[in-house]
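Here is a short briefing on charged side chains and strand pairing. Please look over the structure first.

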Amino acid sequence: MSTLSTLKLVTSKKHQTVAPIVLRRNKLCAKLDEQLALCEAQKAGNTYAPKRLKTFVNKQTGERMTAEVAKRIKEWFWVSHTTGKINLAVKYGAKTLPLNKKGANAIELSNGDELISTLKSLKMMVANGELDDAMNEVSTATREAFNK
């Protein structure tokens, strides 16, 4: 019991719930990490295909099996056919986030290095809560669409 007496003991309670906006930020940060890894892999000339576990039922035996399959990652960026520059749209789920009040929905970039640095700065912006209003707007619109 002497070892226990050397430790600092406190009375504490773990929070059961997390604020919804924190969950939204974490979700968007995880997706930005995927886009960043995808860009860096393309820059290096590699392919980025993270693995996920898929469970299915074998039709012959009826047994449940788990297999590791490549996860499909859709690119948020494309090369504009008019300007030849890279456009980056920030997605939250299947919806594109509005980036300002005027309705801009993409960021124009000149090259791949600028794309990577922009993704890193977007991740910091999300962590600091700068895109909270846009995420709330999109999630509210999605929620209301289900209530029709």
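The model is predicted. The salt bridges in it number 5.

**Helix α2 to helix α4**
- Arginine 25 and aspartate 132 form a salt bridge, with the closest N and O atoms 2.4 Å apart.
- Arginine 25 sits in helix α2 and aspartate 132 in helix α4 (residues 132-146), so this pair ties together parts 107 residues apart in sequence.
- Arginine 25 is partly exposed, at 22% relative accessible area.
- Aspartate 132 counts as buried, at 12% relative accessibility.

**Helix α2 to helix α3**
- Aspartate 33 pairs with lysine 123 in a salt bridge whose closest N and O atoms are 2.8 Å apart.
- This pair links distant parts of the chain, with aspartate 33 in helix α2 and lysine 123 in helix α3 (residues 112-127), 90 residues apart.
- Aspartate 33 is partly exposed, with a relative accessible area of 33%.
- Lysine 123 is partly exposed too, with a value of 29%.

- Lysine 71 and glutamate 34 meet through their side chains in a salt bridge of 2.7 Å, N to O.
- Lysine 71 lies in the loop between β2 and β3 (77-79) and glutamate 34 in helix α2, so the pair links distant parts of the chain, 37 residues apart.
- Lysine 71 is partly exposed at 28% relative accessibility, whereas glutamate 34 is buried at 15%.
- A network of salt bridges links Lys31, Glu34 and Lys71.

- Arginine 24 belongs to helix α2 (residues 20-44).
- Aspartate 132 is instead the salt-bridge partner of arginine 25.
- Leaving out residues up to four places away in sequence, arginine 24 touches Tyr92, Met135, Asn136, Ser139 and Arg143.

**The β1–β2 hairpin**
- Strands β1 (residues 51-57) and β2 (residues 64-70) run antiparallel and are joined by 7 bridges.
- Leucine 53 faces glutamate 68 of β2 across the pairing, standing opposite it.
- The two strands, β1 and β2, form a hairpin with 6 residues between them.
- Glycine 62, in the turn, has a positive phi of about 75°.

Technical notes. Residues are numbered from 1 along each chain as its sequence is written. This is a predicted model: local features need pLDDT of at least 70, side-chain atom pairs count only at pLDDT 80 or more; totals for chains, interfaces and linings use all residues. Side-chain values use heavy atoms; hydrogens and water are left out. Helices (H or I, at least four residues) and strands (E, at least two) are DSSP runs, numbered from the N terminus. Contact means heavy atoms within 4.5 Å. Two strands pair if DSSP finds at least two bridges between them. A salt bridge is a side-chain nitrogen of Lys or Arg within 4 Å of a carboxyl oxygen of Asp or Glu. Buried means under 20% relative accessible area, exposed over 50%, partly exposed in between (1.4 Å probe, protein chains only).
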